[in-house]
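Colleague: I am new to reading protein models. Could you walk me through one?

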Amino acid sequence: MINKKMIFLISAFVLITFMSFNVHADDPNVCCEKTITGFYCQNAPQSQCDTSNGLRVANTACDSTSYCKTGTCFNSLQGTCLSNTPQNVCNNNGGTWSLLSPQSCNLGCCILGDQASFVSLTRCKYLSGQLGLSTNFNKGITDETQCILQVQNQDQGACVYSSDYQTTCKFTTRAECSTGINGTTSKGTFFKDKLCTAPELETNCAWSKQTSCRPGKDGVYFLDTCGNFANVYDSSKIPSGTNLNESGEAVQDYWTNVKTVDESCNPGSSNANSKSCGNCDYLSGSYCRASSVVNVNANYGDYVCADLNCASTSAGPKKHGESWCDYSNTGKPGTGINAVGSKFFKHICENGEEIVEPCADYRQEECIQSSINTSSGSFSQAACRVNRWQDCNSQTNKDDCTNTDVRDCTWLSGIELTSTSSNGGACVPKNAPGLNFWNSTTATSTCSQGSYTCTVTMEKGLLGGETCKSGCECLDSTWKQQRIDVCESLGDCGPKVNWIGDAGYTAGYNLTTK
Amino acid sequence: MSRKDYKDVLAKINMNKKGQVAIFVIVAIVIVGIILILFLYPKSPLAIPSGDLNPNTYLKSCVEKDLQSNVETLAANAGYSDVNSSNAATIMYKGENIKYLCYTNQFYQTCLVQQPLIKEHFENELSNIFSAKAAQCLQSLKTEFERRGYDVTLNGVNSSVSFNPGDILVSYSAPMTVKKAGNVRTYNGFDVSIGSNMYDLIMISTSIIDFESTLGDSEITSYMQYYPNLNIEKVKLSDGTKIYTVSDVVTKESFRFASRSLSWPPG
């Protein structure tokens, strides 16, 4: 006689929630030109619309109205464009609205002396005017990289011209020298790769001990008496006698010809906080800053190479620009078992400081990290990325489940998600999403997916005793833990701890045997 | 004419020629001297009846501290002066109301721009707040001139503030005439420039808003790597709101705003 003993093992993990956003079933959404909280063009219940001062309300979606239709807003003064702007918001603030991006928003290459900017024509005119330069805009260049290359290939040197009956000089590009200096029509004679302090040019510009930061360059540069940039600051190049420095070395060449960064002092090093060398390297973690900002004084001048690297962070020393992930909560990220209230953080080393950028709450974002090998060691980079957990539970095989191109799931072999499935495993989120369990009912339905009924068939022996015939795995001591793991990976379900490691007030599940 | 008489006549002629040369030399020296004075001292003290009181320097010292204070306060609220009323479109963060510049109340949708002309709006707010202090400083300048014995006529005061690359410009449209001892100087207005990188911070914020409204988020690390003096802090709140604080590590100025775009519901 076969004696069937039904064993019902039910794991129910209930964390009760309510909707985070109030649903107004009796107050359908309309288009509010402005809400009572001050937001423009929101689809919201009518009770939230501001109807004062003739503000409009439409029984339709905002995109269907004329005044809240979104398009591009063009700022004709600055030459900037902002997309996804409602028509009334743009026009009421003095912008020019259009449904499609207007021609005036098309970008091109704007040459600003020895700098370039990939902007619209209007913006190019504005920036050129601010810098006292004639507008040089090339709409044929449609790529920012190509635009930057335009100025990197420009000839630079001394432009000698007459002003107030004096022979003076400006260190600039060949283009500015031949078209008009300082936005004027006066032109000069260009000497490629020569400094304005070159003796043979016989200008009124002489060397000086003054230094400054140079736009578009990393290092500290000497200034001449006319205010032009000379070569990279190097205290050994200060003339002491006639064309000689304090050590008696000839320095005239350094004040005559343009020297590259590689020809300057201590190349290939950051020269951070160096008092004698201003050959900063941004990629190595140094950049020109005023001495007063970094509290380091140079031998000459008021600028030094500031150290931008982070000597000490939560993850040890980091280079400027490096970013890394942090999950300093309890729980096990990447296994589906995350603590309640936990989230990912992205840390960044910038300008000698460690900046913490939290990824989205409820683990709707996860932090991903990678590193590249450089000549000066490993360089890590991290980013908060959307957690694509939504369709994990519907995957029925391992390959689909672990396809990282489309989802962020993990495959639990030998465990079935539901009592009716037979996939040889369960696909669950790699990082379980957080649930608003204290204020929503959706948590109940999410966690109930972890409920499981296991039927065990037992056969009674002739001389007594029972033998398990099917479903025997449910009697194994590991089965309970497997069901708990599945349950926890669905969200904030089961016997989880919170982000500081405290357990809940209840077990988080029920186990019933019938 | 005898040989001796001839010699006398020649001597007289030579003496007259020497006198003419001397006169020419003196005249030439005077002309050169005048030219030198004009070139070396193009701004002769006679041309400025205000003496050692430079109106621009005086106004700059008067407005600078208050202007920077007002800019700092407004910049913390995205350029808005009223962020505490119930309809100010703000979010409470650490006890302060932060203004939204891009917002949607929906999930899964990118935000709608709430203020497309951030710079111009900031300038208007700042000009309104600062107009009283600007007028007070100009009145103070008038009083200072009068204390120094000048007769001053001031016809109305209009001031505006604008952000430009590298500075904040306080522009006075205030016709003023300063008289003393027959010397008269007329000013149509004054432009007071105060060093600031707020313009750059506003334009970078505008770019962040563009990314928020188009893509739903912005990558702040890229901005900081492109602009070495820039620091951006991004804090994400549980409802999907992001608080951005864009600051300059050299000038210590900052601009703060909020955005809610492409957010997801819990679970």
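Predicted model: local features only at pLDDT ≥ 70, side-chain atom pairs only at ≥ 80, totals over all residues.

Colleague: In what order do the strands of the open sheet in chain A stand?

Modeller: To read a sheet, follow its strands from side to side. Here the three strands have the order β2-β1-β3 in chain A, and their pairing is antiparallel. β2 (40-45) and β3 (57-58) of chain A are at the edges with a single partner strand each, so one side of each has no neighbour in the sheet.

Colleague: How many bridges join β1 to β3 in chain A?

Modeller: Two bridges link β1 (residues 29-34) of chain A with β3(A). As an example, C32(A) has V57(A), in β3(A), as its bridge partner.

Colleague: Into which domains is chain A divided?

Modeller: Chain A has domain 1 (29-105), domain 2 (107-149), domain 3 (150-307) and domain 4 (323-386). Take domains 2 and 3 of chain A: their centres are 24 Å apart, taken over C-alpha atoms. In this pair, 14 residues of domain 2 contact 15 residues of domain 3. On the domain 2 side, α3(A) gives the most, with four residues. That side divides into eight nonpolar residues, five polar and one charged.

Colleague: And how many residues does each chain bring to the contact between chains A and B?

Modeller: Interfaces can be described in several ways. The size is often given as the accessible area lost when the parts come together. Here we count residues: 54 come from chain A and 42 from chain B. On chain A's side, β5(A) supplies the largest share, six residues. The residues of that side are 24 nonpolar, 25 polar and five charged.

Conventions. Residues numbered from 1 in each chain as written. Chains lettered and ligands numbered in written order. Pairing = 2+ DSSP bridges. Contact = placed C-beta atoms within 7 Å. Nonpolar A, V, L, I, M, F, W, Y, C, P; charged D, E, K, R; others polar. Domains from an automatic or database assignment.
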